[in-house]
Amino acid sequence: MAEPFDPYLVLQTLERHRVTYVVIGGLGRVIHGSTELTDGIDIVPSTREENLRRLGLALEELNARRPDGKQPALERDLVGRGVLELRTDAGELKIVPEPAGTRGYDDLRRRAVREPLGQGLRPSVASADDHARMLAVLAREQDRPALQTMQRVIELEHGLRRGLYMER
Amino acid sequence: MRDGNRYVTYARNASDAYDACMTSGTLIRQARTRSGLSQAELSERSGKDRAQIARWERDVVTPSLETLRELLQACGFDLEMTLVPYQPPDPSDEAELQRALERTPQERLQAMLKARGG
């Protein structure tokens with residue numbers, strides 16, 4: 001049986017606490033059109049002090065725990081760590097302050113798009129180009145199908161954009 | 001570079017490598033932003049018109065391969081191109097992706113949640 005996963009609950013909690021972040025990873029790729037399955041949410045938060053405070057409150061509400069069962073302390077846990085993996089009541093949540101090949105939130109947010117997901121949610125999702133960039137830099141064999149899918153999405157989206165230009 | 005051709009492209013400076021199928025516009029924009037240049041600064045460095053750089057970046061028009069290389073070099077990068085065997089997308093994967101792209105982001109998310117039994 002699949003692990004509980006309620007992305008709406010996670011995103012609503014982040015929104016309620018006015019956390020600024022960009023969605024990346026499997027969920028971001030699914031929103032772009034990938035048909036893979038995922039059990040969690042990966043986010044890149046702004047690392048400004050006030051935003052980390054808000055994120056901490058959201059994590060508390062989601063009952064987030066580190067793999068060792070302890071409560072996360074963001075300012076300590078994010079230092080020198082590539083990914084902070086957490087379990088919440090609504091599924092896995094990974095906090096990735098600086099994904100491979102990027103300079104973090106400020107880098108990704110410029111090309112990110114707010115995607116309507118229903119229930120009043122419009123989270124900021126990293127662009128397909130940035131998803132491909134992150135996977136390419138990681139160069140992991142297991143990511144190859146996801147990278148190929150993102151590349152195809154980019155080609156198709158680019159084709160659509162080019163079509164729109166031609167129609168004008 | 002003609003639209004529709006598939007290349008493996010690498011924008012390279014020392015240890016930095018990027019491997020993805022992309023457009024010339026994406027490549028120029030990434031090289032420029034990675035080097036921290038504005039379009040005006042790239043225009044000054046490369047001797048190309050700023051408005052034309054903007055059109056190239058938006059893929060409204062496509063630069064020649066030689067011009068693309070000059071632009072990337074002005075950003076401190078170089079372009080390596082390698083011919084690789086072309087593998088057309090699997091027709092069933094392609095059909096599945098096309099169906100997914102016809103859905104809204106909300107429908108894509110809900111289809112995934114349904115597929116995983118959640």
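What share of the 168 residues of chain A counts as buried? The share is 41%. Buried here means that 20 or more other C-beta atoms lie within 10 Å of a residue's own; 12 or fewer is exposed, anything in between is partly exposed, and C-beta atoms are placed from the backbone. This is a predicted model, in which local features need pLDDT of at least 70, side-chain atom pairs count only at pLDDT 80 or more, and totals for chains, interfaces and linings use all residues. Residues are numbered from 1 along each chain as its sequence is written, while chains are lettered from A and ligands numbered from 1 in the order in which they are written.

Start with chain A. It has 7 helices and 6 strands. These are DSSP runs numbered from the N terminus (helices: H or I, at least four residues; strands: E, at least two). Along the sequence they read α-β-α-β-α-α-β-β-α-β-β-α-α. The radius of gyration of chain A, taken over C-alpha atoms, is 16 Å. The C-alpha trace of chain A spans about 55 × 35 × 35 Å along its principal axes.

Now look inside. A nonpolar core is a set of buried Ala, Val, Leu, Ile, Met, Phe, Trp, Tyr and Cys residues joined through C-beta atoms within 7 Å. The largest one has 43 residues, and A:Val22, A:Val23 and A:Val44 touch the most other members. Helix H6 (residues 128–138) of chain A gives the largest share of this core, 5 residues. A second, separate core has 12 residues, including B:Leu27, B:Ala31, B:Leu71 and B:Leu72.

Leaving out residues up to four places away in sequence, A:Val23 touches A:Ile41, A:Ile43 and A:Pro123, among others.

Turn to chain B. The axes of helix H2 (residues 39–46) and helix H3 (residues 50–57) come within 9 Å and cross at roughly 115 degrees. Axes are lines fitted to C-alpha atoms, for helices over the stretch in contact, and angles run from 0 to 180 degrees between N-to-C directions.

B:Glu44 sits in H2(B). With 13 other C-beta atoms within 10 Å, B:Glu44 is partly exposed. B:Glu44 and B:Ala74 are 30 residues apart in sequence and 9.4 Å apart in space, C-alpha to C-alpha.

How values were computed:
Two residues are in contact if their C-beta atoms, placed from the backbone, lie within 7 Å. The radius of gyration is taken over C-alpha atoms; the globule rule is 2.2 Å times the number of residues to the power 0.38.
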